[in-house]
Every structure is written in C-alpha cells, then in structure tokens.
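Please read the following points with the sequence and the model open beside you.

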Amino acid sequence: QLRYSVPEDREPGSSVGDLAKDLGVDVRSLATRNLRLVSESGQQHFQVDLAAGVLLLDSRLDREALCGQSPTCSLHLQLVMENPLQLHRVEVDVLDVNDNAPQFPKPEVVLEITEVANPGTRLPLEVAEDPDMGSNSISTYELSPSKHFALSINVRGDGVKMPEIVLEKALDREKVAVHHLTLTALDGGNPVRSGTARVTIHVLDANDNPPVCDPPVSKVHLEENVPVGTLVTKLNVTDLDEGPNGDVEYSFKISNNAPGKFAKLFSLDPRTGEIRTKAPLDYEESNAYEIAVRARDKGSPAMEGHCHLRVELIDINDNSPEIVLTSLSSPVQEDATPGTVIALIGVKDSDSGDNGQVRLQIAKELPFKLVSSFKEHFSLVTSGPLDREKASGYNVTVRAVDSGSPPRVTQKTFYLRIADVNDNAPNFSSPFDTAHVQENALPGTFVFSVSASDPDEGSNAKLSYSILDSGVQDVPISAYFRIDQDNGTIYTVRALDYEQDKVFQVPVEVKDDGSPALSSTAVVHVFVLDENDNAPTIVYPTVPKGSAFHQTIPALAEPGYLVTKIVAVDADSGHNAWLSYQLQETAEALPFQVERRSGEIRVAQALRETEDPHRLVVEVRDNGIPSLSASVVIVISPEENSMQDFAKSLDLPKSSPKDTNLTLYLIISLVSISLVSCVMFALMA
C-alpha cells in the first residue's frame with residue numbers, strides 16, 4: 001500500500017510519486033504487465049506514465065469540492081498488474097492550500113441594542129465561512145476601534161470560533177443612535193486572507209432582557225432511520241421580561257456552511273421550541289448536524305438569544321456488505337500449485353464500527369481459501385491440488401457477513417473453469433487380449449480391435465494406435481500385421497502359415513496428443529487356426545515316385561501275420577492331422593487287410609502254396625475338410641522259406657525312432673499348446 005500527498009493547486013501533468021521505485025519493479029516491465037489504474041470513487045484524477053513509471057496528476061484538484069469540510073481528504077486508487085496478478089492500493093492525500101478567503105453570510109449586519117443594556121451585554125455575530133481547512137481556515141476576528149464596543153471570540157464544541165460584540169460602556173441613544181463598525185475575519189494561511197462585513201448597531205429603548213438558552217450549547221444522540229416526526233429535543237429558553245417582551249418565537253438560523261440542509265431534515269415549532277425529524281436520517285450521509293436556533297421575543301425593540309444544538313447520529317446496521325470481484329483468472333490449470341492467486345475480491349460496507357466490519361467466507365469443501373491482502377481486499381488462492389477429471393469447474397460462492405446485530409449477509413457466485421493438463425496416460429480396456437485368425441487368410445483380414453480411453457480432454461485425449469516392432473525369427477511383426485492408428489483395428493499384412501507360426505504376440509501402443517505425450521501398451525495374442533492345407537506324407541516305406549515297395553512273406557503265413565507297417569505324418573494339427581489307412585478296392589479279393597489307425601498290413605486269410613505276388617495300393621487320408629490323401633504301392637511276394645525272421649519280414653528302419661513316433665510328437669505338441677493357452681486365459685481372468 002502506497003501513500004502520496006499532493007497540494008490541491010498543483011497543475012495537471014505534475015508528478016505525484018515514483019510508482020516503479022516504490023513498488024520495486026523495473027520500469028520496462030510496467031507495460032508488459034498491463035499496469036492499470038482504477039479509482040475507487042469512479043472519477044479519474046490521475047494517470048500513469050508507463051515509460052517513466054510515474055503517477056501523474058490528470059486534472060486540477062479542488063479539495064473543497066472533493067471532501068467538503070472533512071478534516072482529511074484522501075483519494076483511493078488501485079493498481080492492477082498481471083503476470084503475476086498483483087493488486088496494490090494507493091492513497092493520495094490532497095493537501096489544503098489557502099485559496100479561499102473568509103466570507104460572511106451577509107456583507108452588512110444590522111444589530112439592535114437597547115440603551116438600557118448593561119455593560120457586558122453580548123451581541124452574537126454571523127460566523128464567517130472559509131472552505132479551507134486546518135491552519136488555512138478562520139484563525140481570528142478583529143473589530144474596528146470603538147469606545148462602547150469590544151470583540152469577544154468563543155469556541156464552539158466543534159471548534160468553530162464565534163464572534164460576539166460585547167458592550168463595554170453604557171449607551172446613550174440621545175447622543176449616538178447608530179454605531180458603525182467593521183468586522184474582519186482572518187485565516188491562518190500564508191499569506192493571510194481576510195473578509196469583512198459592515199456592522200450597524202441601532203440603539204433602542206425599552207425591552208432590555210434577551211431570551212436566554214439553557215444550556216446555550218447542547219448535544220443530542222439519535223439513531224439513524226428513526227420514524228419521521230420523532231422528537232429530537234425541546235429547547236429551554238427563558239426571558240425575564242413580561243408580556244410581549246417575554247413572548248419568544250423560534251426560528252432556524254441558516255448559515256453558508258450548509259444552507260438549508262438541516263432545515264430539510266428537521267422541523268421547529270416556532271411557539272414551543274420542539275425540534276422534530278421531518279425526513280429520514282442517514283448516518284452514512286452525515287453522522288452529525290449542527291443546528292442554530294434564534295430565539296426572539298416580541299418586545300420593541302425585539303431581543304433575541306441563540307441556541308446551538310448538535311445532533312449526533314447513532315449508526316445502525318442498515319447497509320448490506322457489497323462484494324466487488326476485481327479480477328478473475330478463469331480457467332485455471334489443474335496443475336496449479338497451492339497458493340496460486342485465482343481472483344482478487346474487494347468488499348465494502350457503508351456502515352461504521354462493528355456494523356462495517358466484514359468477513360468473507362467460502363465453502364470449506366472447495367479447494368480454495370481466502371487470504372486477506374489488506375483492509376477490505378482479499379485474494380482467492382488454491383489450497384490444494386486440482387483434478388479436472390474429478391471436477392471440471394467450481395461454482396464459488398463468496399459470502400460476506402458484517403458484525404452488526406443482527407448481521408447482514410451478501411453473497412456472490414461465479415464459475416471457475418479448470419483447464420485440462422495431460423496428466424493421465426491412455427488405458428486399454430484390457431492389458432492382454434486374445435484373437436484368432438485362420439491361416440492362409442487373405443491380406444487385410446480383420447484380426448482384432450483394441451480399445452483405449454483417456455480421461456483428459458481435447459488434444460490430450462486424442463489417441464493414436466501403433467504396433468511396436470518385435471521380431472519373429474528376425475522378421476518384424478509389422479510384416480505380419482498392421483493397425484489402424486485411429487480406431488485400433490488390427491489387420492493381417494500377408495497370409496499366415498500355421499505350420500510356421502502358431503501364435504503371435506502383437507504389442508500395441510496407444511499414445512495421446514498431449515505435450516508431452518503419454519502412452520501405454522497392451523499385448524494381443526493372435527492364435528493362427530490350422531487349415532487342412534497339407535496332405536499326409538508317407539515316411540515308411542520310402543518309395544520313389546512311380547515305384548512300388550516289395551515285401552516278401554512266408555508262403556505259409558497264417559492269418560494275422562504282420563506283413564509290414566505304413567508310417568505317415570501330416571504337418572497339419574488337430575482333426576486335420578488325424579490319419580486313417582485303407583486299401584484301394586480291386587477287382588479281386590486280396591488276402592490282406594490294413595489296420596485303419598495303425599497302418600499295419602496283416603494276412604487276412606491263409607495263403608495257397610502257389611500264391612502269386614499281390615499288388616496292394618494303401619491310401620493314407622487325413623480327417624480335414626476337404627480330406628487330403630497319399631498312397632503307396634506295395635508288392636507282397638510269398639516265399640518258400642517259411643523260417644524267415646520276423647524282423648526281416650517287417651523290414652522297419654530301427655535307426656529312426658523319431659520318424660516312427662512323429663505322429664505322437666505332433667499330438668503331444670498340440671496338447672501342450674492348448675494347456676499353455678488355458679493357463680494364459682486363467683491368468684488374464
């Protein structure tokens with residue numbers, strides 16, 4: 001809070017104070033911080049030179065017009081600066097200059113005094129008025145020299161000096177009927193200014209006792225806003241004379257200080273001296289009134305006395321507080337640190353004392369608090385963390401309560417919006433997903449659609465999807481799959497081969513468009529579904545294409561005799577790899593049969609001794625749709641040597657157990673993959 005003073009006669013453009021120096025800021029930053037000057041009275045008397053950082057006078061000041069008879073005269077200004085937001089209060093005291101001379105209400109005063117008046121008789125005079133204050137106001141009075149009269153100065157309760165003419169020597173109307181004097185009022189300025197009035201005193205006979213007020217100066221306390229017609233006081237005036245000379249009439253004595261002002265608010269009964277209110281009284285407009293009453297008798301000549309009444313008003317709580325929102329920063333970032341200034345709030349209450357003491361309140365559940373900057377000015381600051389995702393804005397109700405009885409309340413509500421900050425990473429609906437795609441599906445086939453959400457808003461919630469490259473046998477995953485960056489749909493890039501890759505782990509990243517961008521990842525397990533695209537392969541017996549396998553058996557082999565065994569494998573899996581063996585039908589019945597599942601060829605019926613070689617075509621067929629097959633030609637020749645060794649008749653290769661059990665291995669592999677998938681699904685659940 002800054003305080004300056006300036007004389008009222010200073011020329012416009014004069015310097016009042018060095019704002020930049022007193023505020024401790026760089027002059028060059030005033031323009032960039034958008035320095036603004038706000039007058040609390042609504043009238044702009046000052047301006048700011050941003051280049052020099054100086055407060056200048058904008059127009060000539062008239063202290064008497066601005067503050068009247070107030071002993072102090074201050075103009076209140078507010079300086080508002082931004083980046084950061086700051087509010088400074090400036091008080092400028094307007095110093096009085098002796099620019100007004102004393103002046104009497106009338107240029108000539110006519111007084112009357114009876115010739116029988118005793119020395120010491122006092123004749124009240126009109127008080128001169130000087131709009132200046134302090135030492136520049138009226139200092140003293142002087143009266144031109146006279147043999148019969150002298151000047152006496154009394155001081156009223158409010159400090160006003162009241163001149164009176166005092167009779168010092170008895171009068172003789174027959175010698176001098178009229179006395180002409182000059183009354184001079186002088187102020188205390190430098191140089192001294194003065195004003196004069198002519199005083200004419202007529203010396204009369206008879207009525208020699210004036211009305212007398214008891215007490216001559218009184219004080220009354222009265223509540224503001226009392227009903228019209230309320231009795232203020234009844235004047236106590238006595239006149240020692242009798243008859244018409246003691247019959248007193250009352251009237252207001254009007255001065256230039258406030259011509260007719262109290263006469264509009266108070267009424268005076270001219271016969272009883274009762275003073276009553278005739279209009280509402282407002283403490284905020286004026287807290288006291290000085291009433292001068294003239295008491296005049298009906299003698300000839302008439303004599304008069306003067307009563308002075310001071311009516312002091314008692315303030316009641318009749319004004320509600322006023323809330324002024326000086327500045328509001330909305331929206332506010334959700335990552336604003338505690339203590340960030342959100343708004344500047346001022347409060348006014350025209351009442352005085354406790355009735356004018358105001359406290360501000362806001363709801364306790366709000367993440368804000370009020371901090372007193374200086375008298376009647378508060379800052380609304382953050383008191384805790386803000387989270388736009390929980391509350392995108394707040395209705396802030398500021399409640400002003402004064403300390404009167406009963407208290408008066410005013411409230412003002414404004415909306416504060418919270419601006420989004422990219423403080424939330426996108427989240428997938430599931431960190432792991434499973435998809436299935438048929439092998440040999442055309443490129444561009446839909447595989448799966450991932451979904452993510454981001455509680456932020458705007459660009460902070462705009463999501464884009466991508467596949468993180470991870471190699472499969474040194475081949476990047478992007479060579480197999482692609483993703484739509486806008487909706488997260490995954491498609492194949494090329495046909496997949498179940499026999500080469502049975503499952504893919506596709507890492508998907510989602511990233512928002514904030515700054516800095518935040519991201520998260522999920523993994524989609526893509527299982528390739530087998531298709532019957534591989535025909536069975538006969539691994540035993542190995543016969544060149546277009547040739548036949550020759551097998552000899554004893555000529556007297558009995559039914560059930562094992563001739564040989566066909567071993568075949570299928571690169572497919574599941575049903576597509578289930579193989580069955582059968583003999584192709586021939587025109588003549590053959591004495592052999594083949595086991596459907598094992599591929600063993602056995603003698604079905606007894607052979608004749610002179611049996612010719614038999615030609616068998618064994619077909620191996622899988623269980624796929626459509627079914628695929630392979631065949632081998634076997635020529636079986638009976639021999640006379642019935643002692644042939646079984647191992648020789650079943651000429652199976654013993655050095656390749658891996659080939660003979662290949663089908664078993666494939667089945668075990670399929671079961672293992674199924675178990676791993678089940679475990680993964682259980683973990684995900």
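1. Helices (H or I, at least four residues) and strands (E, at least two) are DSSP runs, numbered from the N terminus. Please keep in mind that this is a predicted model, in which local features need pLDDT of at least 70 and side-chain atom pairs count only at pLDDT 80 or more, while totals for chains, interfaces and linings use all residues. Residues are numbered from 1 along each chain as its sequence is written, and side-chain values use heavy atoms, with hydrogens and water left out.

2. The protein chain is divided into domain 1 (2-95), domain 2 (108-204), domain 3 (212-314), domain 4 (322-416), domain 5 (427-529) and domain 6 (537-638), with bounds that come from an automatic or database domain assignment. Between the C-alpha centres of domain 4 and domain 5 there is a separation of 51 Å.

3. How many residues of strand S50 are buried? Six of its eight residues are, so S50 is largely enclosed by the rest of the structure. Strand S50 covers residues 614-621 and pairs with S51 in the antiparallel sense over eight bridges, where two strands count as paired if DSSP finds at least two bridges between them. Strand S47 (residues 580-583) also runs antiparallel to S50 and is joined to S50 by four bridges.

4. Individual bridge partners can be followed from strand to strand. Tyr581 has Val620 in S50 as its bridge partner, and Val620 in turn stands opposite Ala630 in S51. Arg621, for its part, stands opposite Ser629 in S51.

5. Strand S51 (residues 629-639) has eight of its 11 residues buried, so S51, too, is largely enclosed by the rest of the structure. In which sense does S51 pair with strand S44 (residues 549-554), parallel or antiparallel? These two strands pair in the parallel sense, over six bridges, and Pro554 stands opposite Glu639 in S51.

6. The loop between S50 and S51 holds Pro626, and the peptide bond that leads from Ile625 to Pro626 is cis, with omega near -5°. A cis bond is also found from Asp214 to Pro215, again with omega near -5°, and Pro215 has its place in the loop between strand S15 (212-213) and strand S16 (217-223). As background, most residues other than glycine have a negative phi, and most peptide bonds are trans.

7. Asn34 has a positive phi of about 55° although it is not a glycine; Asn34 is found in the loop between helix H2 (29-32) and strand S3 (36-39), and is partly exposed, with a relative accessible area of 35%. Asn440 has a positive phi of about 70°, and is likewise not a glycine; Asn440 lies in the loop between strand S33 (432-438) and strand S34 (446-449), and counts as partly exposed at a relative accessible area of 34%.

8. Ala535 lies in the loop between strand S42 (519-529) and strand S43 (537-540), and at 35% relative accessibility it counts as partly exposed. Which residues does Ala535 touch, if those up to four places away in sequence are not counted? They are Val569, Asp570, Leu628 and Ser629, where contact means heavy atoms within 4.5 Å. The C-alpha atoms of Ala535 and Ala571 are separated by 7.9 Å, although the two residues are 36 residues apart along the chain.

9. Thr184 has its place in strand S13 (residues 178-187), and at 16% relative accessibility Thr184 counts as buried. Leaving out residues up to four places away in sequence, Thr184 touches Phe104, Thr140, Tyr141, Glu142, Ser194, Gly195 and Thr196.

Key:
Buried means under 20% relative accessible area, exposed over 50%, partly exposed in between (1.4 Å probe, protein chains only).
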